[in-house]
Amino acid sequence: MRNASIYCLIIAGLSIAACSKYKDPPRTGLDDRLDKHYCNDPRSVNYNWGFPGIPDSTICIYPVDPFLGTWIFTDSVSRQGGDSVTVQVKTLVFASTEDTVLTHMAVHGLCSDSEPFYITANKHGFAYVDSLFEFNAGQLFCSSGDTLTGFINFNTDSAAITRGTLMFNLSVSSADGIIYHKGAAVKQ
């Protein structure tokens, strides 16, 4: 009988302990992640990077940001069959065209008369030539008979967004056939 009483006391003690309110352990220090800033704009490339922390839209990186500025482009021009036409070096200027979605840009300097062509960047470092025609057929290029299509890729060589190269893969269709513009650009 005595063992049964001991067991009842143990069970009663455990049930009282199990029903007591939980208390957080004492704080040993603050979580340093809460002192860091993170971008809270869903249009940005780095949306919520570093969360949790302090929301700060001034550290946001938008799709156009790595492209903007002046670039020196080494352009290898070739025909449809692969025959090389020329290699030329051009200075290109990428400029944002609007402030609402932060993805559209004008590229100046590829045509001799500085007529820009327009591209749209995405969060993955690609900028595609805007299509002004039905079925994504491209846009008019240096003359009214030329149609430009293709993309430009921001190729990062480090974690810093300000470094990297632009890789071009463009084609121009005209009455004479297709001309390809492939090459790389470095930021100035």
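Me: Strands are DSSP runs of E with at least two residues and helices runs of H or I with at least four, numbered from the N terminus. Which strand gives the most to the lining of the largest pocket?

Reply: This is a predicted model, in which local features need pLDDT of at least 70 and side-chain atom pairs pLDDT 80 or more, while totals for chains, interfaces and linings use all residues. Residues are numbered from 1 along each chain as its sequence is written, and side-chain values use heavy atoms, leaving out hydrogens and water. Strand 4 (84–96), strand 10 (165–174) and strand 11 (177–187) each supply at least two lining residues. With four residues, the most comes from strand 11.

Me: How much space lies in the largest pocket?

Reply: On a 1 Å grid over the protein atoms alone, where a 1.4 Å probe fits, a pocket is an open set of points with protein on both sides within 12 Å along at least five of seven lines; lining residues have an atom within 4 Å of a point. Here 17 residues line the pocket, with Asp146, Val172, Ser174, Ile179 and His181 nearest its centre. The space amounts to about 260 Å³.

Me: How is the pair of Phe126 and Tyr128 classed?

Reply: Rings of Phe, Tyr and Trp (its six-membered ring) pair if their centres lie within 6.5 Å; planes under 30 degrees apart count as stacked, over 60 as edge-to-face and the rest as tilted. The count comes to eight aromatic pairs. For Phe126 and Tyr128, the centres are 6.0 Å apart and the planes at 20°, so the pair is stacked.

How values were computed
Grid points are joined across faces, edges and corners, and a volume is the space filled by probe spheres set on the points.
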